[in-house]
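Kindly read each point with the structure in view.

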Amino acid sequence: MKRRYRTGDQTWVRERNLAIVLNYLWEAGQPVSRAHLVQVSGLNKSTVGSILAQLQSWGLVKDSGMSEPRPGRPGTLIDMNPEVGRLIGAEIGVGFVSAVVTDLKAGVLWRHKIETFEDGEMPATLQDQARVLKQTEDLVHEAIQQATAGETRLFGIGLGVPGLVDHATGTLLFAPNLKWSNVPLRDMWQKCFGVPVVVENEANAAALGEWMLGVGRQVDNFVYLSAGVGLGGGLMINGKLYGGRGGFAGEVGHMTLDPDGPPCNCGSRGCWEVLIGPTAIVQRVRQAVVEGRATNLLALCGGDPEAIRMEHVLQAAEHGEPAVLNTLDEVGRYLGIGIANLINTFNPSLVVLGGVLSLAGPYILPRAQQEVNTRALAVARKGVEITLSAFKFDACVMGGAALILHEILNNPALWQPKPPPAPPFEDHVRFASVL
Ligand SMILES: [Zn+2]
């Protein structure tokens, strides 16, 4: 395919400068002076003044007090205006749907999560899909009511899904753990809600959220690992989400770590996610209970090994149950082996663990770190931090809000408020008759 270049006409220059000034305000995170913006952007004073006036007319920035008295005139401070509108982040997970409403600075104003399936039950039919979609849409309607109370503007909805997404159309192509394929979510939701919708793989959304709002701020190379029912990955490379040819990169949960391992929902076997995912952890602990190696756990789950859930596993780990600690140690081992592979491949500064892995951190991280220390190349692993997500189970919905915020920061001119509709025809007639 031939590459297409956009030439730098005046409109392009203006759009870039609007974005640059807004990004400096975002990065500052607090009110700054015009002089500061002139200094950091390298733009001249009158250009910065005209850009700020434009951004202010769209409501994206606001005056925010006066600078400290210093030699010279005190100046007005400028800040992003969090109250100008709302962002919605949503997630369709395996067994739950979730949403947040935030202001423009991603401050959370409302959050809600609902379970869509009983524990252990797996969605399989088209009716299940229709029901979960309806539950998600009801939740988003509720979020919109919260977001637009007092006629506040809703900028858009960022949606994270546990599968492969076609970015050109916003279609969920395949979600192995939901068993969904070819769901045109962006089209459906834009029609349903009447605002821009961005659909992204859940781990990619979460990685963007960490990069803009969480532990990945100012870190341009990191790997995000998200463990729900499956194991997803988001690759932030040189300050951009790495998508690969079709946007499907980062499916690290389906790296083969054991060629003869257990089968995976993707059709392969021995994938990383079947070795370290919560489902695998729970299954191994159940096995230990059935074999009489973790009798203390029986009391926690009412005597039924089938009733064991991840929270029981974590409780038993807290009580020092040896069989559970052994299982988590084994998970830590495979986690470390996979992370060592990723460190050798991508040379990141940071590896961020989200979802259930972030809760089990204390029991699996020491072993994971040990594996990394023995398997990753010394130069590549030097200084790499393995850390926990800032948002844990909210990582994807915060990423959803970040998807919209990222679009706004990238080209604020596209997000200017629409002019009010032209007056109805009768008004013109009346006006003409007065003349
Ligand atoms: Zn797989």
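1. Strand E13 (residues 231–237) is mostly covered, with six of its seven residues buried. A residue is buried if 20 or more other C-beta atoms, placed from the backbone, lie within 10 Å of its own. Strands (E, at least two residues) and helices (H or I, at least four) are DSSP runs numbered from the N terminus.

2. This is a predicted model: local features need pLDDT of at least 70, side-chain atom pairs count only at pLDDT 80 or more, and totals for chains, interfaces and linings use all residues. Residues are numbered from 1 along each chain as its sequence is written.

3. E13 pairs with strand E12 (residues 222–227) in the antiparallel sense, over six bridges; two strands pair if DSSP finds at least two bridges between them. Gly232 in E13 is the bridge partner of Ser226.

4. The hairpin of E13 and E14 has two residues between the strands, and Asn238 takes a positive phi near 50°.

5. Which residues of helix H5 (residues 185–193) are buried? They are Leu185, Arg186 and Trp189. These residues lie on the same side of H5 because they cover an arc of only 90° around the axis, the arc being that of the directions from the helix axis to the C-beta atoms. After H5 comes Gly194, with a positive phi near 70°.

Notes. Buried ≥ 20, exposed ≤ 12 C-beta atoms within 10 Å, placed from the backbone.
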